[in-house]
Amino acid sequence: MSTIRVLVGTRKGAFILNADASRKSWEVNGPFFGGWEIYHVNASPVDPSRLYASQSNGWFGQLVQRSDDGGTTWQPVGNQFPYAGVPGTHQWYDGTPHPWEFARVWHLEPSLSDPDTVYAGVEDAALFRSSDAGTTWEEVSGLRRHDSGSSWQPGAGGMCLHTIVLDPVDPERIYTAISAAGVFRSDDAGTTWKPVNRGLSSESIPAPEAEVGHCVHRIAMHPSRPDVLFMQKHWDVMRTDDCGESWREVSGDLPSDFGFTIDVHAHEPETIYVVPIKSDSEHYPPDGRLRVYRSRTGGDEWEALSDGLPQRDCYVNVLRDAMAVDSLDPCGIYFGTTGGQVYASANAGDSWAPIVRDLPAVLSVEVQTLP
Amino acid sequence: MTEEAPAPEPRPAPGLPPGPFAGPAPAAAPRQHLIVVRVRLPAHLRTLVQLEKETERGPGHGTASGPGHGTGSEVTLELDSPGTQSSLLDALETRYPVLIGTIRDPRTRVRRPFIRFFACEEDLSHEPPDSDLPAPVLAGTEPFVILGAMAGG
């Protein structure tokens with residue numbers, strides 16, 4: 001019988017939540033790395049026992065932890081993320097040149113084929129790769145050296161590379177998303193990159209349809225449809241059917257098209273989920289009601305999913321990496337909030353229940369479906 | 001998303017054992033002999049190097065167990081004289097590679113902004129890295145204290 005393992009990163013440690021396939025009764029383990037910010041915990045799809053965690057804080061900097069036994073024990077691995085060559089500058093908030101400076105690892109994306117290979121998306125925005133299970137890291141420097149690199153500017157959360165999507169069909173194809181630069185695609189395993197932001201429009205930049213400069217919050221792909229990507233942008237929910245060559249808005253009838261997270265149903269590639277947030281100046285749900293919105297049509301038409309979620313006085317946020325799905329049938333959907341709740345739905349979002357209510361603010365949620 | 005940690009004015013750590021600050025080791029001190037120093041680590045770094053937790057002892061009650069070892073809140077390190085901040089931190093990072101990058105920038109070797117160095121009731125955070133350690137630290141009677149700057153409300 002399958003089991004579910006939910007990997008939760010929070011402001012003050014990591015937690016691992018376990019359940020059987022019924023997803024009704026949960027065991028909560030942690031905190032791991034108590035007191036540290038855990039931006040992301042993620043698992044190798046090749047070796048489910050291999051986990052990676054990004055551990056950092058303002059005092060002591062960045063660490064990366066690795067577990068080879070599903071999170072029972074951990075060991076610190078390499079924490080040096082040297083930019084290749086002379087790093088140069090990007091634009092600072094005031095438009096002046098600012099040296100590239102490593103701040104932290106936002107996202108860890110293990111390879112789809114090799115448990116020892118893992119990518120790291122970092123702030124200031126760059127992509128790193130380790131081929132020795134996190135022991136050493138080397139910049140995939142073609143991204144940052146794109147002609148537009150010196151013009152990239154940070155968003156309010158810093159200039160972070162927060163999303164890495166690996167194409168399951170074409171191993172040479174990688175997507176990354178950077179706040180606030182946009183989406184970039186490589187078709188040669190990271191050697192060269194091109195911005196793929198045509199169709200995005202951002203009123204908060206001088207040229208709303210510029211090639212770069214968009215604050216993309218997250219992109220998601222269904223593995224059976226690698227040409228189709230869904231995006232939650234700062235404002236607007238978008239989709240592309242041609243690998244990012246062109247995007248169109250699918251916000252439709254959402255109560256707000258601002259938000260951070262977006263994900264795709266495990267078995268229905270046109271079923272997608274977002275959590276609308278009221279605005280970029282009010283990072284909480286509209287009307288104090290926490291609702292996940294589901295579209296079964298790949299966007300445009302949305303339904304509110306609120307059964308089991310707080311429908312009054314709720315002012316939490318759901319951050320970009322804080323939603324994930326399992327691969328059971330029916331599909332399980334999970335998300336964490338800045339209020340410390342982790343909610344689960346064992347029926348594709350029709351109803352929800354909290355797994356745990358009082359964790360530190362949740363930064364990330366990943367799910368493993370274990371045989 | 002970052003929780004900014006304000007950097008308050010550094011003050012001597014509470015609970016430090018009293019002891020006179022005797023200033024830098026004299027220039028005429030014998031060179032290139034081994035000295036043993038005590039280093040007190042903050043809680044997060046003790047966890048990283050897997051030192052025994054000091055929760056029931058409280059600060060100031062760690063013990064040194066011998067060259068290159070550590071228990072409680074302190075580790076002991078062997079240095080070549082004259083001992084400096086840099087040589088102490090080099091020895092600490094050699095013994096515990098997991099600490100590389102947690103105290104100093106690994107490339108520039110500059111102290112991280114929210115790290116403080118105290119000894120003998122003095123703030124040594126802004127001393128040049130190659131300055132000699134205070135004599136009581138070199139004598140092993142006072143620890144070199146590494147701690148995170150206070151933050152919070």
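1. Basis. The model is predicted, with pLDDT of at least 70 needed for local features and 80 or more for side-chain atom pairs, whereas totals for chains, interfaces and linings use all residues. Residues are numbered from 1 along each chain as its sequence is written, chains are lettered from A and ligands numbered from 1 in the order in which they are written, and side-chain values use heavy atoms, with hydrogens and water left out.

2. Extent of the interface. Contact, taken as heavy atoms within 4.5 Å, links 19 residues of chain B with 23 residues of chain A. The area buried between the two chains (accessible area, 1.4 Å probe, lost on putting the parts together and summed over both) is about 1700 Å², and carbon and sulfur atoms give 59% of that area.

3. Helices (H or I, at least four residues) and strands (E, at least two) are DSSP runs, numbered from the N terminus; Ala, Val, Leu, Ile, Met, Phe, Trp, Tyr, Cys and Pro count as nonpolar, Asp, Glu, Lys and Arg as charged, and the others, Gly among them, as polar.

4. Largest pocket. A pocket is an open set of points on a 1 Å grid over the protein atoms alone, where a 1.4 Å probe fits, with protein on both sides within 12 Å along at least five of seven lines, and lining residues have an atom within 4 Å of a point. The largest pocket holds about 1400 Å³ of space, and among its 50 lining residues A:Glu101, A:Phe102, A:Ala103, A:Arg104 and B:Arg112 lie nearest its centre. Its lining has 21 nonpolar, 16 polar and 13 charged residues.

5. Second largest pocket. About 1000 Å³ of space lies here, lined by 37 residues, of which A:Glu109, A:Met221, A:Val325, A:Glu366 and A:Val367 are the closest to the centre. Strand β30(A) gives the most to this lining, with six residues, and the lining has 21 nonpolar, ten polar and six charged residues.

6. The peptide bond from A:Ser179 to A:Ala180 is cis, with omega near 5°, and A:Ala180 is in the loop between β15 (174–179) and β16 (182–186) of chain A. Another cis peptide bond joins B:Ser81 and B:Pro82, with omega about -5°.

Conventions. Points joined across faces, edges and corners; volume = space filled by probe spheres on them.
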